[in-house]
Amino acid sequence: QKRRWPGGEKVFEPLLAELLVDNGHLATIEMVPDASLAEEWAAKERSRLEAAKAAMGEEELADVIRSTADLKRAQLAEDSAEDLATIPRVGLADLEAKVKEVPTDVSALSGGVPLLTHPLPCAGVVYADVLLDLQRLPVSELPLLSLYAALLTQAGTSELDATALQRRIGARTGGIDVGTKLEQPVGDSGAVGAPDGVVHKLVVRGKAVRDRLPDMLELVHSMLTDANLDAQPKAVELLKESKSRLEAAFLSSGNSFAGMRLSSRNTAVGYATELTSGVSYYEAIKEMLTTAQDDWPSLLARLERLRGTINARDGLMINLTSDPDAIDGAKPQLDAFVGRMPAAPAADAHGEDASKWSRLPLAPREDEAYAIVSQVNYVAAGCRLFEPGEIADFGAASVASRALSLGYLWDNVRVAGGAYGGGCALNP
């Protein structure tokens, strides 16, 4: 083979064609779950332990008990000062006392669209965020947002198919991503915010060298206003992927979903997060998948109405980070971009307003449980530590939460208790 290669003779191509491309061999493997396998394993384990115990004498059993007690004491014992001194530490002297502040200038583009700029040394790269208000959507449409955001980047436009769009983004920008931002505003003077306070935005985030900013803005505009939402196969694919990803996450990160359920009882942001990322979202995905497969026109109508509702200048905001001279040069291009966006929502847009969040019915405060196919139980409990409007030492509370996770809970739940793990989270 090595002698044939230098002469220009094809060596690997015929092999690939014969063994892979044109290979007609096909094997179908069907895997069937065994509902009794877990019990069989448990029975074998019990039998093995019973046999080992039966073979032990009284003194051997006493040794096992003593060894277990010694292990528990060792696991729960505090580390000595000498052992702790061997751990590298970061002291107060190693920390910079001055908090770094990002410069932020607030101005307005044409039509009064807010513009936030951050003049920083960026080596000629412009980072732009285009944000659209999502608070005018009905709560019932929130689970649709992840699918909508994915279609903006993966379904193409009327002029570019999905592959051509991705190639254009890769050739002319440093990347364009679409997602959502859901936050609870901080109260006055850093106090705990109101439970019904919400900032909810669709965020199209991109970066490009300053000479390519017009190309990037053109792509963003095409994705927002001309994305091919009538892409049933892609929508079904995306929904199936989301469903599978959530099912896997339930098994590996059930504690996160339990935490989301707790948050949904306390704040509008927690409730909306559960609707768009938690157990409720999983149920919504199953419904959307059925609709996408059996009644695509109705799901398409919802997607198009969502677009017509949020694509409006009166809900637009732009955030820009770049070199000072690049920011000055970008403003005319941003004005042109804003001028091409619809001035107001479409005629058939949803008529919701932000006040609906104050009327949002939070999840009921009651104990609940969900059954999953896993040998791990995820248990979470929570309570309100700070009341709205309260100003507390959140930094100290965060340190205490961290210490509780890495200290007491780790030693008692994970090490001594033999559980999968344990931790404490703080969300003031």
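Analyst: Let's take helix 10, whose buried residues are Ala-268, Val-269, Gly-270, Tyr-271, Ala-272, Glu-274, Leu-275 and Thr-276. That's 8 of its 10 residues, so the helix is mostly covered. Buried means under 20% relative accessible area, exposed means over 50%, and partly exposed is in between, using a 1.4 Å probe and protein chains only. Helices (H or I, at least four residues) and strands (E, at least two) are DSSP runs numbered from the N terminus.

A quick word on the model: it is predicted, so local features need pLDDT of at least 70 and side-chain atom pairs count only at pLDDT 80 or more, while totals for chains, interfaces and linings use all residues. Residues are numbered from 1 along each chain as its sequence is written, and side-chain values use heavy atoms, with hydrogens and water left out.

So what do the buried residues of helix 10 pack against? They pack against helix 5, strand 4, helix 9 and helix 11, where contact means heavy atoms within 4.5 Å.

Six strands make an open sheet with mixed pairing, in the order 1-2-6-3-5-4; two strands pair if DSSP finds at least two bridges between them. Strand 4 (176–183), a neighbour of helix 10, is an edge strand, as is strand 1 (105–108), and each of these pairs on one side only. From one strand to the next, the twist averages 25°. Axes here are lines fitted to C-alpha atoms, for helices over the stretch in contact, and angles run from 0 to 180 degrees between N-to-C directions.

Helix 5 (residues 145–154) lies across strand 4 and strand 5, running at about 160° to strand 4. Helix 7 (residues 213–226) packs on the sheet too, touching strand 3, strand 4 and strand 5, and makes about 145° with the direction of strand 5.

Further in, strand 3 (residues 125–133) has 8 of its 9 residues buried, so it is largely enclosed by the rest of the structure. Strand 3 runs antiparallel to strand 5 (residues 199–209), joined by 9 bridges, and antiparallel to strand 6 (residues 316–322), joined by 6. Leu-132 shows both links: its bridge partner in strand 5 is Leu-202, and in strand 6 it stands opposite Leu-316. Asp-129, meanwhile, stands opposite Arg-205 in strand 5.

Ile-310 in helix 12 (residues 296–310) comes up against this area: among the residues it touches are Leu-132, Leu-202 and Tyr-148, not counting residues up to four places away in sequence. Ile-310 counts as buried because its relative accessibility is 0%.

Now for the pockets. On a 1 Å grid over the protein atoms alone, a pocket is an open set of points with protein on both sides within 12 Å along at least five of seven lines, whereas a cavity is a set where a 1.4 Å probe fits but cannot get out; lining residues have an atom within 4 Å of a point. Grid points are joined across faces, edges and corners, and a volume is the space filled by probe spheres set on the points.

The largest pocket holds about 1500 Å³. It has 45 lining residues, with Gly-259, Leu-262, Ala-381, Gly-382 and Ala-425 nearest its centre. Our helix 10 (268–277) is one of the elements giving two or more residues to this lining, along with helix 9 (254–263) and helix 14 (394–416). By type, the lining has 26 nonpolar, 18 polar and 1 charged. Here Ala, Val, Leu, Ile, Met, Phe, Trp, Tyr, Cys and Pro count as nonpolar, Asp, Glu, Lys and Arg as charged, and the others, Gly among them, as polar.

The second largest pocket has a volume of about 660 Å³. Of its 24 lining residues, Gly-254, Ala-258, Ala-369, Tyr-370 and Tyr-378 are closest to the centre. Helix 8 (232–252), helix 9 and helix 11 (279–294) each give two or more residues to that lining, and helix 9 gives the most, with 5. This lining divides into 14 nonpolar, 3 polar and 7 charged.
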